[in-house]
Amino acid sequence: MLSSPETQLSSEDVDAVVQAAGHAASSSSKDQSQIRQPQDALAEIESIEQLIHDSESDPADTISIPEHPAVSLIGDDSRVQTSPCIACHSTSARRLYSIEGVSEELVECESCGLGSLFPMPAAERIQSFYPAEYYGEPTAKFEPLVEYGVRLGAKMRVESLVGDLPSGSKVLDIGCGRGVMLRALLDLGHEAHGVEIAPEAASGADPRAQIRIAPELAKAGYEENSFDAVIMWHVLEHLPHPEQTLAEIRRILRPGGRLILAVPNFGSLQSQRTANDWFHLDLPRHLYHFTPETLQRLLACNEFHYESVRHLAMLQNSFGWLQSILNRVSGTPRNSLYSLLHRGGEHPVVQSLSRWQRAKLKFGYWLGLPIATAVSLFEAAAGQGGTITVTATLGRATTPNAVVTSCERASEQAVAASPA
Ligand SMILES: [Zn+2]
C-alpha cells in the first residue's frame, strides 16, 4: 500500500468546499425574483465554514501517525451508537481503547463481541496508516534466522492447509505480499495466484506466480467459479468491508471450494490478559477484531460452512505473548522488539532505543521465547490460541446450525427495522 503519512486536505474535502462555494456563488447571482431568505444564506455560509473547519481542525489527520502508536484503556464503560455490526447487526458498542495520534477508537459490539475501529475510516485515511517501512525489504523482511522460520512456517502451513488438494489446483492468496506462501504453493505443484493492493507490496514474489494488482478484490477481474481454494492470511482484519470481500470470494470460488482465513483471536487468553498491550491489536491497521464465534457468524451469513478452527500457530502466538508482555513491563516503545527484528537499524523506533534498551529486549527475547512457546502450546490445547486459522467450504451447511439460524433472524430483523 502506498504511504501518505502526512495526509493533508483530502481531494473529497477540497471538492466539497469548492462545490459548496460554487453553489453559494451561483445561488447569490440568481435573478431578483428568487430572493433567498437571510437564514438560508446564513445556514449556507455556516455549512461552508463547517466544511473548512472539519477539513482543517482534526490534528489526527494532519500529523504523521506512528507505525506502532501507544494504545490506552478508555475504562469508563461508555457506549457509542454504531452502524449495524457486520456479524450481528447490533448498533451499540462499548468503547475499549484509544490510540495515540488517531481520532478513531477500538470499540466492541455489545451483542456479539466483534471489535472494530470507530468510526470506520475512509479508504484514503486507511492508506495513511501504512508507513513505507511497514512492508520491509521485498526479498527478506526479518533478521535471517527469523526469516528462515517465516519461510519454513509458510511451507508447513501451506502443506497442511491445501496439501490434500490435487496437484495443479488453482489457489488464490489474497494480500499475497512478497509471495512467501505463493512459493510454497508452487513447490506443492499448485497453480499459484496472488492479488495485492500495490506493486511495491508484491515486489520480490516468485515470477512463476500470477499476481494481479487491484485496490480491492472485486476489481481484480477474476472469473466466476474459478478457484479451488482461497487463502487470506492475516488480511481480513485489515479490510474496511470484510463482508463485501467474502461476497466476492463466494463468486470466484467454485462450489464446495475451500476458504482459509487466519486472523488474530480477539477472544484469546493473550488478548484478554494483556488487553491494550496485546501485540496483535496492530492498531490502527486492524480495522476488525474477530473471535472464533464472530468469524463463524460472519462466514455463515455469507454462505460459508465453517469446517474447523486451529489454535496452534507457534511463531505468531508465541511472539504475541512475548511482545505483549514486553509492551507491559519493558518500558520501551510499543512493539520495539518487533521493530528491532526487522531488517536494518534505520527503523525510527530502533534508532530511538538506547543500547541498554536494545540489550534488554534481546535478552527478553531469548529468555522469554521458550516460556512463550510453552504457553502457546497450552493456550492452543485450551482452544484459546492468540491467532486462529479457520477453514470453511462454500455452500450452506447441510443441517442449519444455530449460527446460521441466528444470522438469518438478525438479517430479517435488520431489514424489518430499516426504513422503507
Ligand atoms: Zn455484533
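How many bridges join strand 10 and strand 13, and in which sense do they pair? The views below come from a predicted model, and the first one takes up that question.

**View 1. Strand 10 meets strand 13.** Strand 13 covers residues 387–394, and its pairing with strand 10 is antiparallel, over 7 bridges. To pick out one of these spots, look for Ile260: its bridge partner in strand 13 is Thr391. As background, strands in a sheet pair through backbone hydrogen bonds, either parallel or antiparallel.

View 2. Zoom out and you get an open sheet of 7 strands with mixed pairing, in the order 8-7-6-9-10-13-12. Strand 8 (210–213) and strand 12 (304–310) sit at the edges; each has a single partner strand, so one side of each has no neighbour in the sheet. From one strand to the next, the twist averages 20 degrees.

**View 3. Helix 6 across the strands.** Here helix 6 (residues 180–187) lies across strand 6 (170–174), strand 7 (191–196) and strand 9. Against strand 7, helix 6 runs at about 165 degrees.

**View 4. Helix 8 and its buried face.** In helix 8 (residues 242–252), the buried residues are Pro242, Thr245, Leu246, Ile249 and Ile252. Looking down the helix axis, these fall within an arc of 125 degrees, so they line one face of helix 8. Residues three or four places apart point the same way because an α-helix has 3.6 residues a turn. And what does that buried set pack against? The partners are strand 9 (227–233), strand 10 (253–264), strand 11 (288–289) and helix 10 (292–301).

View 5. From first C-alpha to last, helix 11 reaches 23 Å, close to the 22 Å expected at 1.5 Å a residue. After helix 11 comes Gly331, with a positive phi near 70 degrees.

**View 6. Close in on Leu326.** This leucine, Leu326, belongs to helix 11 (residues 314–329). Leu361 is 35 residues away along the chain, yet its C-alpha atom and that of Leu326 are separated by 7.7 Å.

Conventions
Residues numbered from 1 in each chain as written. Predicted model: local features only at pLDDT ≥ 70, side-chain atom pairs only at ≥ 80, totals over all residues. Buried ≥ 20, exposed ≤ 12 C-beta atoms within 10 Å, placed from the backbone. Helix = DSSP H or I, 4+ residues; strand = E, 2+ residues; numbered from the N terminus. Arc of directions from axis to C-beta. Contact = placed C-beta atoms within 7 Å. Pairing = 2+ DSSP bridges. Axes fitted to C-alpha atoms, helices over the stretch in contact; angles between N-to-C directions. Expected span 1.5 Å × (residues − 1).
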